[in-house]
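Q: Could you walk me through reading this structure, one feature at a time?

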Amino acid sequence: MKRPESELVMVIGIATAIMLAAINICKASSSLHPVILVPGNGGNQLEARLTSDYKPSSLLCKRWRHRDYDHSNQKEDGWYRIWFDPSVLLAPFTKCFAERMMLYYDPVSDDYYNAPGVETRVPQFGSTQSLLYLDPHLKHITSYMAPLVETLKEVGYVEGETLYGAPYDFRYGLAEEGHPCHVGSKYLQDLKHLIEQASVSNGGKPVIVLSHSLGGLFVLQLLIRNPLSWRIKYVKHFITLSTPWGGTVQEMLTFASGYTLGVPLVEPLLVRQEQRSSESNLWLMPSPKSFGRTKPLVITPNATYTAYDIAEFLKDIGFPEGIRPYKTRTLPLSKQQRAPNVPVTCIIGAGVRTPETLFYGVQGFDEQPDIVYGDGDGTVNMVSLVALESQWATEKNQTLEVIKLQGVSHAGILSDENALDEILRVVCNVNSHDLKFNCPATKYRSYMVEKSS
């Protein structure tokens, strides 16, 4: 039985409309400015391999192996995922983990290195895969950038085409230019190359760099260490989430007593030495420029420490070897936060209890302190989150927007529905400025947003 001609015309018309809609979606997707995601401290997987030079501190550490991707102990070439694996939460293995994650500063070469016999590498640079979950076998409890990546894909971003990831060895930091920094400098080179590749692969469109926490410090250094002509050509917009521009008081707690992110099974003192050895942790000490000379950050029966007393603080907690790299390598970076002259949007949490002053008793730094809390995102103090507002206030060629999300935490900004909504709005607005791209209607507007520019 033949269909009526009018029905055939309707079917053809519907099919044509569907085809055109699909073509338009593809066109919209291909016209997007590519996005490069840069994670924060501990925000991507890290792999390790032990060599014959590895000298374990115990028989247990000699035999300890992490669970690998294929559920076997190790790959054929010896590489395994050292970060993250849940076995590190068990006290006997925490020490083994810490000794393998240690960095060592060599005053002769003026640079940081892995522990002897431990090789490390960052898997899947250029992809978002190692940023999604810290342990792919425990997705529900180790999710990191997975919600953000899924949100971007919903509006047309495609992995490896318009969406990229730039993981790094987060234990290492950067140093003032002129100092050796073999790992951090190599990362900036790789990130620069990825930005260029992403732009070229998308018809020369400049990219949107979207960073979380520590990642924002790396990105800013990349921008100001390259010519303005390069920045204008390759970077459309720099979006930062929860970036500690002026460091954190939380970092002083980490160095003094160890910090376990609230995990009850882990003894802070077991990880304290490893945390002190991290070059990036030293970079996150409170900046004198942001916290000032008079604000007490740590108070003990014998001394009071401000952001101007970090060197003395390092000596008094029993870490004098950190003084030289702090003074010569990382402290100068807090003074080198020049405006990059590309548009910047800082999205931050606010109204979350954040350590502001630490009080230690006669038991000393081996005990956890009493804490007075202030405003921030639970990890980074508000004075640090908004530091660029005052630093760039007189910069005529710098566009800066700061968006505060009440009640959103430092890590929660990557999964909170309201925060994802705001991030998506900014990304879509960047695309809509000069492209025929319309953002879908945002879904959540039940939160308090404060903007300044």
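A: Let's start with C346, which is buried at 1% relative accessibility; buried means under 20% relative accessible area, exposed over 50% and partly exposed in between, with a 1.4 Å probe and protein chains only. Bear in mind that this is a predicted model, where local features need pLDDT of at least 70, side-chain atom pairs count only at pLDDT 80 or more, and totals for chains, interfaces and linings use all residues. Residues are numbered from 1 along each chain as its sequence is written, and side-chain values use heavy atoms, with hydrogens and water left out.

Q: How many disulfides does the count come to?

A: A disulfide is a pair of cysteine sulfur atoms within 2.5 Å, and by this rule the count comes to one. C61 and C96 form the disulfide, with their sulfur atoms 2.1 Å apart. The angle about the S-S bond is -85 degrees, a left-handed link.

Q: Which parts does the pair tie together?

A: Helices (H or I, at least four residues) and strands (E, at least two) are DSSP runs, numbered from the N terminus. C61 sits in helix α2 (residues 59-63) and C96 in helix α3 (residues 91-101), so the link ties together parts that are 35 residues apart in sequence. C61 is buried, at 1% relative accessible area, and C96 is buried too, at 0%. As for C181, 6% relative accessibility makes that residue buried.

Q: At what angle do helix α7 and helix α8 pack?

A: Axes are lines fitted to C-alpha atoms, for helices over the stretch in contact, and angles run from 0 to 180 degrees between N-to-C directions. Helix α7 (residues 182-201) and helix α8 (residues 214-224) pack at about 75 degrees, with axes 10 Å apart. That makes α7 roughly perpendicular to α8 (under 35 degrees is roughly parallel, over 145 roughly antiparallel, 65 to 115 roughly perpendicular, the rest oblique). With contact meaning heavy atoms within 4.5 Å, α7 brings Y187, L188, L191, K192 and I195, while α8 brings F218, V219 and L222.

Q: In which sense do strand β4 and strand β5 pair?

A: Two strands pair if DSSP finds at least two bridges between them. Strand β4 (residues 103-106) and strand β5 (residues 111-114) pair in the antiparallel sense over four bridges, and D106 stands opposite D111 in β5. Their hairpin has four residues between the strands, and D110 takes a positive phi near 55 degrees there.

Q: And how many helices and strands does the chain have?

A: The chain has 18 helices and 16 strands, and buried residues make up 54% of its 453 residues.
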